[in-house]
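Reader: Please walk me through this model. Keep it brisk.

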Amino acid sequence: DYLSEDKAAPATTAAAPTPAAAPTKPAAPAAESECDLDPKTKALLDEIEAIKVKYGITIEELEAVLSYRVKLSHLRITHHKEIILDDFDHREVKMDALTKSIFLLYLKHPEGIRYKELCDHRSELEEIYLSISGRSDMDSIRKSIDDLTDPITSNSINEKVSRAKKAFREVVDVRIARFYYIDGRQGAAKRIALDRSLVIWE
């Protein structure tokens, strides 16, 4: 007879059978090491590393170039400092005066500028800002430029670079916009990737 649920089992009851071991999961295949690569693939990876070092670009930037056949537009800066994408239906990229000033400064310097070196371009930045802001309060203007060129105690430069990036992303696809806005690795010179042969200054 079966034991009822409230009756204890006799002391001589045999031990319960050992549960079966859980099935062993198959081992994940080992990642292919560089030694296992065929010569052609290894040579290609070496070339990619050399390109990254030569041009100072990240793998993400290189992927953007390799993954997409991006059609870029000429970038025209009008007499009134409007930013126009000529080949994209003459779309205007709108920015506030300070953001536009820092963008135009970087556009004039294809070699790039580190944030900590912005103070060396203070006069040039002030001249650009004066030409587009329409402001006449020099004390206020100098304060704004001081904040832009002092990345240690002010976050103004990060804010303006972020606004410029957003301005282009609102007008064109991100895959295209990345060639036009200011970008770069932390601590390195920031620059605009666009080939300057596509830039037209009126």
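Author: Aspartate 38 caps the N-terminal end of helix 1, with a side-chain oxygen 3.1 Å from the backbone nitrogen of lysine 40. Helices (H or I, at least four residues) and strands (E, at least two) are DSSP runs, numbered from the N terminus. This is a predicted model: local features need pLDDT of at least 70, side-chain atom pairs count only at pLDDT 80 or more, and totals for chains, interfaces and linings use all residues. Residues are numbered from 1 along each chain as its sequence is written, and side-chain values use heavy atoms, with hydrogens and water left out.

Reader: What is the average pLDDT of the protein?

Author: pLDDT is the predictor's confidence in each residue, from 0 to 100. Where pLDDT is low, the predicted coordinates should not be read in detail. Still, 80% of the residues score at least 70, and the average is 84.

Reader: How far apart are the end C-alpha atoms of helix 1?

Author: The expected span is 1.5 Å times one less than the number of residues. Helix 1 covers residues 39-55, 17 residues, so it should span 24 Å. The model agrees: the end C-alpha atoms are apart by 24 Å.

Reader: Which residue forms a salt bridge with lysine 42?

Author: A salt bridge is a side-chain nitrogen of Lys or Arg within 4 Å of a carboxyl oxygen of Asp or Glu. The closest N and O atoms are 3.6 Å apart, and the partner is aspartate 46.

Reader: Is arginine 76 buried or exposed?

Author: Arginine 76 forms a salt bridge with aspartate 86, the closest N and O atoms being 2.9 Å apart. That pair links distant parts of the chain: arginine 76 sits in strand 1, aspartate 86 in the loop between strand 2 and strand 3. Buried means under 20% relative accessible area, exposed over 50%, partly exposed in between (1.4 Å probe, protein chains only). Like aspartate 86, arginine 76 is buried.

Reader: What is the relative accessible area of lysine 160?

Author: Lysine 160 lies in helix 6, residues 156-169. Beyond four places in sequence, lysine 160 touches Leu98, Thr99, Ile102 and Leu148 (contact means heavy atoms within 4.5 Å). Lysine 160 is buried, because its relative accessible area is 6%.

Key
Polar contact = N/O pair within 3.5 Å; in protein donor to acceptor, adjacent residues only side chain to side chain.
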